[in-house]
Amino acid sequence: MKAFRYHRPADVAEAVALLDAEPAAAYLAGGTNLVDLMKLGVQRPELLVDVTGLPLDTVEVLPGGGLRIGATVRNSDLAADPVIRREHPLLSRALLAGASGQLRNLATTAGNLLQRTRCVYFQDTGKACNKREPGTGCAARHGQNRDLAILGWSELCVATHPSDLAVALVALDAVVEAHDPGGAREIPVAELHRTPGEHPERETSLPRGALITAVRVPPLPFARRCTYLKARDRASFAFAVGSVAAALDLDGDTVRDVRLAYGAVAHRPWRAYRAEEALRGRPFTAELAAQAADAELAAARPLPHNGFKVPLIRNLTVRALTTLAGTAPR
Amino acid sequence: MSAVGREHPRLEGPDKVTGAARYAVEYPVDGVAYGWVVPAAATRGRITRVDVAPALAVPGVLDVLHHGNAPRLTPGVDDTLFLLQEPTVHYRGEYVAVVVADSLEAAREGARLVRIDYDTQPHSTVLSEHHPGLYRPDTVNPGYPTDTTDGDFDAGFAAAEVRLDATYRTPAYHNNPMEPHATTAQWRNGRLLVHDSTQGSTPVQATLAQLFGLPPEAVRVVAEHVGGGFGSKGAAKAPVVLAALAARQVDRPVRLALTRQQLFGPLGYRTPTIQRVRLGADADGRIAAICHDAISQTSGVHEFAEQTAVYTRSMYAGRHRRTTHRLARLDVPTPFWMRAPGECPGAYALESALDELASACGVDPVELRIRNDVTVDPDSGQPFSSRNLVACLREGARRFDWADRDPTPGVRRLGRWLIGTGVAGSSYPARSRAAAAAATAAPDGTFEVRINATDIGTGARTALWQVAADALEVPADRITIRIGDSDLPPAGVAGGSMGTASWSWAVIRACQGLRDRLRHVPGAAVPADGLTVEASTADEVRAQRPLARYAYGAHFVQVRVDADTGEIRVDRMLGMFAVGRVVNPSTARSQLIGGMTMGLSMALHEEGLLDERYGDWVNHDLATYHVSACADIERIEAYWLPEEDPELNPAGVKGIGEIGIVGSAAAVANAVHHATGVRVRDLPIRLDKLLDRLPAG
Ligand SMILES: Cc1cc2nc3c(=O)[nH]c(=O)nc-3n(C[C@H](O)[C@H](O)[C@H](O)COP(=O)(O)OP(=O)(O)OC[C@H]3O[C@@H](n4cnc5c(N)ncnc54)[C@H](O)[C@@H]3O)c2cc1C
Ligand code: SF4
């Protein structure tokens, strides 16, 4: 392993300054992703700036509703937080569907959002990967790509974002609060992650050196009528093969409002805006739910090994929405 | 009251959970250096240049061993151990260099920086029934005939009322013991001491002696605690040889432990198989013709021929029989033993085919197996020492409430779940091999029993201690048992489900001998330096009557399949076994349910995903190579019938390490078919193979 320096900054300003001063520095939170990638030689920072000592580990209720979740709140603590469970159970459900108890005890809010793809070629320095080494090619495009994207990919990269939490946050219109040398900024989670395009190595819209300090989740009146469905190859401790986060507001039979996002289908958590559009204002039926999913998935371009993700996401969408509408077979 | 048959926690349990138990690279050693392997980045070819300068420039790096400078070895029987001797690359990931450094981190960084140029050649890494290089090996592991035939299969099959012809495929499986292979090697005055993570230090001692040109007594191999092996540590493996080479080169003790990623291939794995099974039966499901043609792969380094079709030779009836094995020699690592090599993949195919035959004949699959029971081994013509397959099927069915099962597939729904049940038979050879043991009485009334057995986490140490207590006829707490050191009387590996059968035999003979001696000691006074009796079972084992000796079992499984996603969850697994006498019910149960779970894992989860462009498995960690987790099984039960078989060994045991996995995957696959009506013949059965074929709601 490459030798690196390690620093625990006293405050946000020092953390940002440290990262600014060292081109090959990285923030270290729970380390459950970064340290693995360092061992594999995929990431080789010179300096680790450990953010877990910063005072960013609380969940606050904001005046006027909404929550601010500190960047270093551990995934286990967040999932168990009584306010979260009451106001935004979707977050708890998504978190608890992910990883394992031990990992969630270490993993943090920001670390979870910024975890790297699980594309097996990305993790193996012996294989071609544009994301890891721009210009080397994408081994997954014509290789083993069952777990990878059906939406929004480019010829240069077909990876997916693996986080469950991010899918729920995108559905809830959450906003990331960050600090960088230029000052404080806010980015909707829906705009945090990019599609790969010509630059799969650029994964987020954060400026270099930006420190995520919190994630703000606005109030949502029907937040409790929500569900997170995750299909996976084994019953626990597995990334999603496909997932759906949904919240539904019905006025009688009519869809007053809806939130829908998909996981494990694209380079970013995928907010299903088209499906939402197809649902809003219409009388809810299972058929409508299916049509809405089809509207979203019309843009899907499955890879050789992952065509099944299209019907899978469609079925999960119908199940999620009919369950929330109380019309599911059970 | 006898100690055998009573539950007893593992003797070393407290040491393990408190961290006091030492594993191979945990012994404190002065001046130890660390080794890190460099895997080949080519799939087939020759090394043309090794540039070690960048690696040597890393502070702390002591040396880089490769074919150009490593100490020379004497070629032996296993060419996979002829390491760092030649520039040839046989497969991607082959260990082609070792970096030795003062610290693990420096060694790892050095390994990244070793520059190796290759002259590469085209490679072939995909097993197929159309592979042009398929050939017939001389024998299959561990020495069975390659092909067998009896009667006229083709005629019998052609004449059968009901014919089944199906091909089943299994992928590469990777053993993945909790403790990756690891060694500490030290040379002292021309003698070699290794602490190795192995399933048997007696054979490792012999192999190292041969490779390094030493008398066996100049090599000592210690394996006191071993974190599993599943067969992959059943012989000397690369790390012990590399550590010994490196320790000699740098003249310091060297530790070499592999990472999880490095386990996928070079240490052995279960070969992929392609298995065609043909069954010809009458309308009542009585098999007249049975044929099992198995294809598997081996490497260009060393031949390993999995005995995939051997299970079919002795399991069920059929006047006309044929089994064949063919191999493709590919540019891949050499496959090796993985829990029940041969029987495990073979039973998946045969027990699936039986299920298909049962459906075709409209006969209950438990009943079909009972109808095809045999009284003499169809392969050898020998009588069985005991055969309780039918009793396992009947008693398992009773406990599982199998009666009244509706055989129609794809019709039971519970909300969004499709429910189904499946059954499979199971059997595994009950063999013993020669071993030696010593028992010593001390004047204070305590005893020490010594045998170079290995406890890979199974509870073998505890079982032998229980056996010794009964043989000495003293309370067990007066006995100390010592195992896992080649300085102890020699014994075979923990493998082939032969461990307890073979070792207990020697322990009993040594203890009985000592008890006899004590009876004749004047005044029953044990001399100050103790009284020792050694025993070997070589003659007795050789003189065993020629009988067919097998353990049997039956698996019953209930699964549910999510009608929207195709996700499969296992509600219940029940295994009913006939395994001779059970020494320690709690550790026996662990072995059985462990095997059953591993079969579930094989059926639903595990799969080495080969990328043929590179020629290696791209999912090489436990996040991407899925092994079943606790949540994958809701209820798991293992039971055994009382079985007294006087033709086995003095302890009357059949071995339980492997039978749990044999047939388990088939029972799961059969249950998935019953739930969904979909027959998936290539493992693992994952949601994408079901999704578009599920019955409409
Ligand atoms: C076997 C396994 C299974 C898993 N299964 C799942 C699963 O099913 N679902 C799921 O969602 N996740 C899963 N995970 C991933 C896990 O959730 C992530 O590893 C974890 O959330 C990362 O958080 P961390 O705090 O440990 O991040 P770290 O590893 O410390 O950091 C991750 C990245 O975030 C950056 N970073 C961290 N904090 C900040 C900050 N405040 N500002 C800016 N950058 C920052 C780091 O520089 C790094 O690039 C799994 C992981 C493993 C190993
Ligand atoms: S999909 Fe993206 S991450 Fe995976 S190999 Fe291609 S470029 Fe790399």
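A residue counts as near a molecule or strand if one of its heavy atoms lies within 4 Å of it.

## Ligand 2

By that rule, 14 residues surround ligand 2. The closest are A:Cys119, A:Cys129, A:Cys138, A:Cys157 and A:Val158. What kinds of residue make up the shell around ligand 2? The shell divides into 12 nonpolar, 1 polar and 1 charged. Here Ala, Val, Leu, Ile, Met, Phe, Trp, Tyr, Cys and Pro count as nonpolar; Asp, Glu, Lys and Arg count as charged; the others, Gly among them, count as polar.

## About the model

This is a predicted model, in which local features need pLDDT of at least 70, side-chain atom pairs count only at pLDDT 80 or more, and totals for chains, interfaces and linings use all residues. Residues are numbered from 1 along each chain as its sequence is written, chains are lettered from A and ligands numbered from 1 in the order in which they are written, and side-chain values use heavy atoms, with hydrogens and water left out.

## Ligand 1

Ligand 1 lies between chains A and B. Of the 32 residues around ligand 1, A:Tyr27, A:Gly31, A:Thr32, A:Thr108 and A:Asp164 come nearest.

Now look at its polar contacts. A polar contact is a pair of N or O atoms within 3.5 Å; within protein, one must be able to donate a hydrogen and the other to accept it, and residues adjacent in sequence count only if both atoms are side-chain atoms. A:Gly31 places a backbone N or O atom 2.7 Å from an oxygen atom of ligand 1. A:Lys230 has a side-chain N or O atom 2.9 Å from an oxygen atom of the ligand. A:Gln115 has a polar side-chain atom 3.3 Å from a nitrogen atom of ligand 1.

Strands of a sheet pair through backbone hydrogen bonds, either parallel or antiparallel. Helices (H or I, at least four residues) and strands (E, at least two) are DSSP runs, numbered from the N terminus. Two strands pair if DSSP finds at least two bridges between them.

One open sheet of chain B has 4 strands, in the order β23-β22-β21-β24, with mixed pairing. Its edge strands are β23 (479-482) and β24 (531-536), and each pairs on one side only. From one strand to the next, the twist averages 15°. Strand β22 (residues 447-450) of chain B runs parallel to β23(B), and 4 bridges join them. In β23(B), B:Ile479 is the bridge partner of B:Phe447. Helix α11 (residues 460-472) of chain B packs on this sheet and touches β22 and β23. Contact means heavy atoms within 4.5 Å. The direction of α11 makes about 135° with that of β23(B). Angles run from 0 to 180 degrees between N-to-C directions, and axes are lines fitted to C-alpha atoms, for helices over the stretch in contact.

## An antiparallel sheet in chain B

Another open sheet has 3 strands, in the order β4-β2-β6 of chain B, and the pairing is antiparallel. Its edge strands are β4 (88-89) and β6 (115-120). Strand β2 (residues 45-51) of chain B pairs with β6(B) over 6 bridges. In β6(B), B:Ile116 is the bridge partner of B:Val50.

## Two packed helices

Two packed helices are described by the angle between their axes and the distance between the axes. Helices α8 (residues 343-361) and α15 (residues 664-676) of chain B pack at about 35°, with their axes 8 Å apart. Contact residues include B:Tyr348 and B:Glu351 of α8(B), and B:Asn670 and B:His673 of α15(B). The residues of this contact divide into 5 nonpolar, 4 polar and 2 charged.

A cis peptide bond joins B:Asn141 and B:Pro142, with omega about -10°. B:Pro142 is in the loop between β7 (139-140) and β8 (144-145) of chain B. Another cis peptide bond joins B:Leu683 and B:Pro684, with omega about -5°.
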